[in-house]
Amino acid sequence: MNSLTANYERILEVLRKISTDKLLSYQRRSPRMKDLELVSLALTAEYMGIDSENHLFRQLPVFLSNKIERSVYNRRKRKLSFKINEIRLKMAQSFNEFEDYFIVDSMPLEICKISRSLRSRIYKEQQNCYPNRGFCASQQMSFYGYKLHAVCSVSGIFQSIDLSPASIHDIHFLKDIKEQFSDCILLGDKGYLSSEVQIDLFNYVNIRLETPKRINQKNYKPQFYLFKKHRKRIETLFSQLCDQFMIRRNYAKTFDGFKTRILAKITALTTVQFINKNYLNRNINNLKSNII
């Protein structure tokens with residue numbers, strides 16, 4: 001993980017096999033740094049834990065720093081966010097094509113302390129995506145910001161991700177899942193417990209939602225042991241995002257910048273998993289190992 005140049009070249013090699021150098025159809029003039037090179041640099045920085053762009057550009061070798069300025073890099077990266085997601089989905093599809101079991105969960109993304117929330121102005125340039133105050137039951141904490149909703153396979157590959165204000169209940173994310181999944185079993189925690197939603201998912205797209213019941217519920221039965229065990233996979237992924245990829249430390253000042261950084265961190269994680277499987281033939285979730 002010590003050589004930025006070597007890691008950059010490995011990630012670029014991988015991305016060139018699943019995508020083209022030119023990702024945006026309209027460009028007024030041909031840039032010195034191609035779109036895929038820029039995406040590779042962003043993913044390399046996230047993999048190596050360099051989440052400050054100023055710090056990244058101080059470490060860049062000459063052959064990269066001569067190609068692009070920091071402000072241009074930031075602006076182009078935000079424009080390429082939907083292409084970064086397309087690349088992530090291509091890699092995820094190679095893992096999850098024949099998967100029948102998925103896990104759904106959410107995690108809090110705090111942007112500032114609650115005491116500062118009333119005077120905070122970041123991420124408020126678009127009225128429909130204001131952050132707000134929410135509560136995380138698993139950590140027993142109130143926070144100000146957003147929730148990251150995610151669906152992953154039992155092997156640990158993120159298939160679907162989304163952001164919502166912190167006050168939105170987890171169960172509303174399942175409305176979007178109906179458009180993305182079908183004919184599978186979805187494992188969730190007690191936050192997704194709803195007989196109405198279970199029936200709707202099963203009737204609409206044949207998704208069987210499995211959640212643990214509360215002890216005081218009628219006809220209570222403990223959840224099947226393997227389901228309970230597999231559900232820990234997504235919690236481990238969230239921990240890896242917080243530890244290695246520092247998903248909760250974010251320097252963006254706009255919502256577009258914020259969501260681009262979150263997406264780049266998750267795509268970097270998926271890229272390392274892809275390299276582990278197809279190039280290094282080792283456990284895909286050994287994320288702190290060398291990729292060279």
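**Exercise 1. The cavity lining**

Task: Find which helix gives the largest share of the lining of the largest cavity.

Solution. In this predicted model, the largest share comes from α2, with 3 residues.
Step 1. Count the cavities. The structure holds 1 cavity of 30 Å³ or more. Its volume is about 50 Å³.
Step 2. List the lining. The residues are A42, A45, E46, I50, D51, S52, E53, L56, Y73, K77 and R261.
Step 3. Assign elements. Those giving two or more residues are α2 (35–47), α3 (53–59) and α5 (70–79).

**Exercise 2. Sorting by class**

Task: State how many nonpolar, polar and charged residues line the largest cavity.

Solution. Take the classes in turn. Nonpolar residues number 5. Polar residues number 1. Charged residues number 5.

**Exercise 3. The length of α10**

Task: Work out what helix α10 (residues 232–243) should span, then check it against its end C-alpha atoms.

Solution.
Step 1. Helix α10 has 12 residues.
Step 2. The expected span is 1.5 Å times one less than the number of residues. For α10 this gives 16 Å.
Step 3. The end C-alpha atoms of α10 are 16 Å apart, so the two values agree.

**Exercise 4. The buried side of α10**

Task: Identify the buried residues of α10. Then explain why they lie on the same side of α10.

Solution.
Step 1. Buried means under 20% relative accessible area. In α10, the buried residues are I234, L237, F238, Q240 and L241.
Step 2. Around the axis, these residues cover an arc of only 160 degrees, so they sit on the same side of α10.
Step 3. Look at what covers them. The cover includes β1 (101–112), β3 (141–153), β4 (158–165) and α11 (255–278).

How values were computed. Residues numbered from 1 in each chain as written. Predicted model: local features only at pLDDT ≥ 70, side-chain atom pairs only at ≥ 80, totals over all residues. Heavy atoms only, no water. 1 Å grid on protein atoms, 1.4 Å probe; cavity = no way out; pocket = protein on both sides within 12 Å on 5 of 7 lines; lining within 4 Å. Points joined across faces, edges and corners; volume = space filled by probe spheres on them. Helix = DSSP H or I, 4+ residues; strand = E, 2+ residues; numbered from the N terminus. Nonpolar A, V, L, I, M, F, W, Y, C, P; charged D, E, K, R; others polar. Buried < 20%, exposed > 50% of the residue type's maximum accessible area, 1.4 Å probe, protein only. Arc of directions from axis to C-beta. Contact = heavy atoms within 4.5 Å.
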